[in-house]
Amino acid sequence: MLRREFIRLASFTAGALTFSGPAMLHADGDSNASLSGDDLYKLFLDAPNQYRPMVRWWWNGDRIRVDELLRELDILQQASIGGVEINPIRFPSDADPLDTKPLIWMSDEWIAALKAVMDGAKQRGMVCDMIVGSGWPYGGEFLTREDQTQMMALGTRDIQGPAHIRLTSQELLADVQPHLVSAYKDPLKELISASLVPHELSTTEQATSITWDKSKNVLEFDVPEGQHVLYFLVKLTGYMAVINGAPGASGPVLNHYNGPAVSRYLDRISDRLTDKLGPLHSQLRAFFTDSIELEGANWCDDMLQQFQQRRGYDLAPYLPFVLFKVGEMGNAVSTPYGANFTLEFKEKTERVRYDFETTKRELFNERFVATFVAWCRKIGVKSRMQAYGMECDAISAGMMVDIPECETWIHSEEIESFGTGSYIHGRNYSMINKFVSSAAHLSGKRLISCEEMTNTEDPFHTTMERIKLAGDQSMLSGVTQSVLHGFNYSPLAAPFPGWVRYGTFFNERNTWWPYFHLWTMYKARLSALFQMCEMQADIAILPPQADLASKYGFQRDPFPKIAYPEYLFKIWEAIHQNGSGCDYLSEEVIAQSSIKDGKLRFRTRSYKAILLPRVESLHPATAEKLQTFVEGGGVLVFLDTVPHLSDGLMHQEADSRTVEDLFTAMRSKFPERTPQLSVREEDMVGWFREVQQSFSLKPDVSISEPKDYVSQLHYRNGDQSIFFFTHYGPEDRHTFQAHFPEEKKSAWRWNPETGERSRLQRNISDGSLTISLGPSESQLIVFETSRAKTIPHTVELSYPIADRKETASEPLQGPWKVRLQHVDGTDRTITLDKLIDFNEREDLKSFAGTITYSQSFSTGSKTPQWLSLGRVRSISEVSLNGHALGVRWYGEHVYPMAKAVRRGQNAISIKVVTTLGDYMKTLKNNRTAMDWTSYTPSYPLGLIHTPELIVD
């Protein structure tokens with residue numbers, strides 16, 4: 001990249017920061033304002049609607065009616081849902097439409113329904129967002145050919161010479177058939193160029209251009225002796241259809257690299273809506289752009305001219321050798337093809353590929369992201385966007401939009417360990433989340449939304465515990481607002497389970513829906529707190545973006561086919577698990593940063609150490625800034641390798657020497673602050689703990705025994721310091737000492753489930769706190785000025801039994817009277833001599849609903865203080881002698897009994913609310929049930945473990 005282009009791109013990013021403005025967090029619009037301690041607590045306690053989880057509200061096939069829409073708003077409000085994202089989408093193929101006529105997107109009838117919903121949301125105090133278009137990406141039947149998406153695709157044919165070859169253009173066009181998830185029925189395919197090269201290729205000068213008479217559509221040429229390869233380029237226009245578009249907004253996808261086309265598309269929507277509804281700013285919070293899944297789109301009519309202007313040379317001779325053949329979802333195909341490149345030619349094409357990938361991302365930011373943000377600003381609403389993908393850089397684009405969004409998935413109902421290997425295994429947050437939250441932090445935004453609980457595998461077995469665990473992981477990645485995926489528009493008349501486009505199954509027909517408000521308020525209180533505070537981070541990660549783009553091309557986030565290096569998405573986890581905080585950076589951010597007091601500073605962020613994971617290539621200006629950083633006292637940690645190359649093709653020899661010389665001199669002069677280390681991927685937590693200790697990277701909280709299934713976040717609000725700890729693995733309870741060296745104020749536990757706060761006692765010897773977390777448990781600790789006059793000094797654990805070895809217990813044996821209230825309406829009572837997994841009995845294995853276990857037991861002189869049900873795979877609710885002991889929906893199901901138990905006879909009732917999954921597996925004639933559960937496993941059903949009465 002030319003130096004002037006590097007500076008230009010950096011300036012564009014800087015402009016984006018100013019352009020995007022602060023996120024809507026405070027009434028005065030100041031995203032950096034802080035609240036007083038009392039005001040912050042009041043906000044935490046009440047958690048108004050704007051902080052509560054929202055839902056992606058799928059208007060299935062737009063088969064909607066106003067009375068049902070308003071009824072569903074009430075259902076959501078009753079569950080403490082704070083808002084909706086209106087999302088028209090294709091009707092589920094397995095559902096019964098009930099002869100309901102679809103409303104065409106943007107028709108008068110559809111807009112009338114939209115108006116009713118926006119008015120209804122306002123009356124209920126709920127937030128209302130709306131997706132642009134329908135499904136994803138942008139598109140519609142109304143697009144002209146010039147506005148439709150384009151791909152320059154590669155084809156190759158091996159040819160053995162000598163030979164005389166005669167081919168029709170149709171034969172070559174037929175060779176290029178990218179494997180598309182959502183192909184459009186009427187694409188335009190054009191043969192653009194063809195060239196013959198020897199099988200052993202060392203330079204573009206060996207390519208012989210093949211010309212043909214386009215009127216005859218025949219290519220005729222002679223091939224010299226030996227192995228050769230015919231490279232040909234095919235331009236596809238309108239090749240992709242909107243994924244799951246509703247009537248009126250399906251059809252071909254828009255060309256996101258065509259700025260005027262993007263403007264026409266957006267203006268068509270706003271002109272139509274404002275004409276019917278008036279100004280939108282008082283009716284909508286934000287317009288939303290969903291997944292940028294363009295299935296290989298890479299072209300616009302002026303791509304070659306733009307490349308020449310930005311990069312300083314002609315792309316055309318290199319293009320056939322830079323492109324990859326395109327497979328599913330735009331990923332490069334893995335099967336071998338084409339000529340063998342010499343090492344020198346391979347390195348040259350990789351540099352050109354970086355320049356091409358960079359040019360595409362620049363155009364995407366300028367022509368799509370900036371156009372979308374400007375359009376939202378023009379009509380007075382916020383821009384909310386999942387701004388990442390092959391075409392879209394998460395850092396620069398995320399800094400441009402008002403509300404950057406990411407994704408958290410539930411891949412399996414089982415709670416899995418992290419372990420080594422896949423960056424997905426055990427993780428609910430996607431790899432992109434930390435990039436998105438970093439972009440928000442860098443641009444001063446605290447509202448970071450997330451498509452949460454996306455579940456395309458097993459939504460009907462999902463428990464509230466699984467939802468809590470995924471939501472906690474989501475917050476660890478920096479998320480501050482949930483947009484649940486999702487809530488289906490589904491009239492009550494629809495046969496069970498209703499109209500289901502996607503899961504998780506957030507629905508009034510779900511067994512645990514009456515309890516769901518317990519999680520929504522838990523999450524709302526945390527979201528309200530985190531949106532008012534600033535997440536702390538003093539360590540940064542600079543990914544090898546130039547190397548990734550050069551070798552493999554930018555990847556399809558949030559599920560890249562290639563993780564480069566393989567541990568890239570795990571480094572931040574180890575940093576947080578060891579008590580520190582971090583952000584991802586980009587070279588453009590570094591270019592705009594200053595150095596002061598041994599830290600790299602960008603706006604409100606500052607970093608004392610920067611990690612470079614397998615970074616080989618950097619722009620010389622980045623190397624110079626990093627040199628200044630080290631000279632000023634910063635620590636620069638090189639993982640695996642030290643940068644020694646420049647990015648891009650132009651001036652690469654001189655610029656590479658500059659980069660190598662700068663780092664060589666830097667490491668010679670400051671060896672103690674410029675280590676080169678290997679990464680121990682099998683023990684990332686232990687590895688980074690050693691890095692901390694070796695280079696004096698003092699954490700915000702020192703954790704005595706860090707684990708990869710326990711992590712933390714640190715936020716600040718004025719002089720308050722907030723720490724969130726959570727346990728998200730299948731492992732047993734973990735107890736550790738947490739030492740907070742900078743925190744001198746009193747420690748308080750704020751309980752996000754109840755809103756209560758209580759005083760915590762520090763250990764006298766060192767001022768640390770003892771924290772004990774069982775599976776799926778979390779703790780929120782706030783350091784603030786003592787409130788001893790108004791709040792009693794108490795010590796709380798998440799559950800009162802941290803060490804079962806020191807307690808006496810007695811099992812609560814059968815027989816049990818068991819009432820079975822099935823979701824199908826049946827109600828019967830049986831007797832069980834002992835507790836069993838319902839899967840062990842044929843007549844019970846299909847149960848779904850509420851199981852109530854009842855019996856009487858007697859106590860002696862020592863009355864039990866606690867009841868432990870062990871792990872229960874769903875929700876339990878206990879009453880003793882007519883007194884409600886509470887509800888447990890995650891973790892260890894332990895109940896206090898002291899206020900309800902009595903000497904002598906006691907009557908106990910234990911409710912267990914199951915999931916729907918096992919029942920749905922038995923509904924062989926129900927297409928929806930079979931589509932979602934026929935391949936899923938069964939899970940333990942009912943109260944499995946013998947309850948224990950525990951004497952404290």
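**Entry: lysine 551 and glutamate 616**

I began with the salt bridge between lysine 551 and glutamate 616 in this predicted model. The closest N and O atoms of the two side chains are 3.6 Å apart. I then looked up where each partner sits. Lysine 551 belongs to helix H14 (residues 545–551), whereas glutamate 616 lies in the loop between strand E21 (609–613) and helix H17 (620–631), so the pair ties together parts that are 65 residues apart in sequence. For accessibility I noted lysine 551 as partly exposed, at 27% relative accessibility. Glutamate 616 has a relative accessible area of 19% and counts as buried, because the limit for that class is under 20%.

**Entry: other salt bridges**

I recorded a count of 52 salt bridges for the model. I next examined the one between arginine 56 and glutamate 85, whose closest N and O atoms are 2.8 Å apart. Arginine 56 is in strand E1 (residues 54–60) and glutamate 85 in strand E2 (residues 83–89); the pair links distant parts of the chain, 29 residues apart. I found both arginine 56 and glutamate 85 to be buried.

I also asked which residues are joined with these two into one network through salt bridges that share partners. Besides Arg56 and Glu85, the network holds Asp129, Arg285, Asp290, Arg384, Glu405 and Glu451.

**Entry: helix H7 and its link to H9**

I looked up the salt bridge between the side chains of arginine 310 and glutamate 366, with an N to O distance of 2.7 Å. Arginine 310 lies in helix H7 and glutamate 366 in helix H9, so this pair ties together parts that are 56 residues apart in sequence. Arginine 310 is buried, with a relative accessible area of 6%, while glutamate 366 is partly exposed at 23%.

I then turned to H7 as a whole. Which residues of helix H7 (residues 303–311) are buried? I listed Met303, Gln306, Phe307, Arg310 and Arg311. They cover an arc of only 100° around the axis and therefore lie on the same side of H7. The face turned away from this buried side carries the exposed residues Gln305 and Gln309. After H7 comes glycine 312, for which I noted a positive phi, near 90°.

**Entry: nonpolar cores**

I found 251 residues in the largest nonpolar core, where Phe287, Phe516 and Phe725 are those with the most contacts inside it. Helix H9 (residues 343–379) gives the most to this core, contributing 13 residues. I noted a second, separate core of 30 residues, which includes Phe838, Phe847, Tyr895 and Leu943.

**Entry: a sheet of 6 strands**

I traced an open sheet in which 6 strands follow the order E34-E33-E35-E40-E37-E38, with antiparallel pairing. Its edges are strand E34 (827–832) and strand E38 (883–888), each of which pairs on one side only.

One of the pairings I looked up is that of isoleucine 875, whose bridge partner in E40 is valine 913.

Note on methods:
Residues are numbered from 1 along each chain as its sequence is written. This is a predicted model: local features need pLDDT of at least 70, side-chain atom pairs count only at pLDDT 80 or more; totals for chains, interfaces and linings use all residues. Side-chain values use heavy atoms; hydrogens and water are left out. A nonpolar core is a set of buried Ala, Val, Leu, Ile, Met, Phe, Trp, Tyr and Cys residues joined through side-chain atoms within 4.5 Å. Buried means under 20% relative accessible area, exposed over 50%, partly exposed in between (1.4 Å probe, protein chains only). Helices (H or I, at least four residues) and strands (E, at least two) are DSSP runs, numbered from the N terminus. Two strands pair if DSSP finds at least two bridges between them. The arc is that of the directions from the helix axis to the C-beta atoms. A salt bridge is a side-chain nitrogen of Lys or Arg within 4 Å of a carboxyl oxygen of Asp or Glu.
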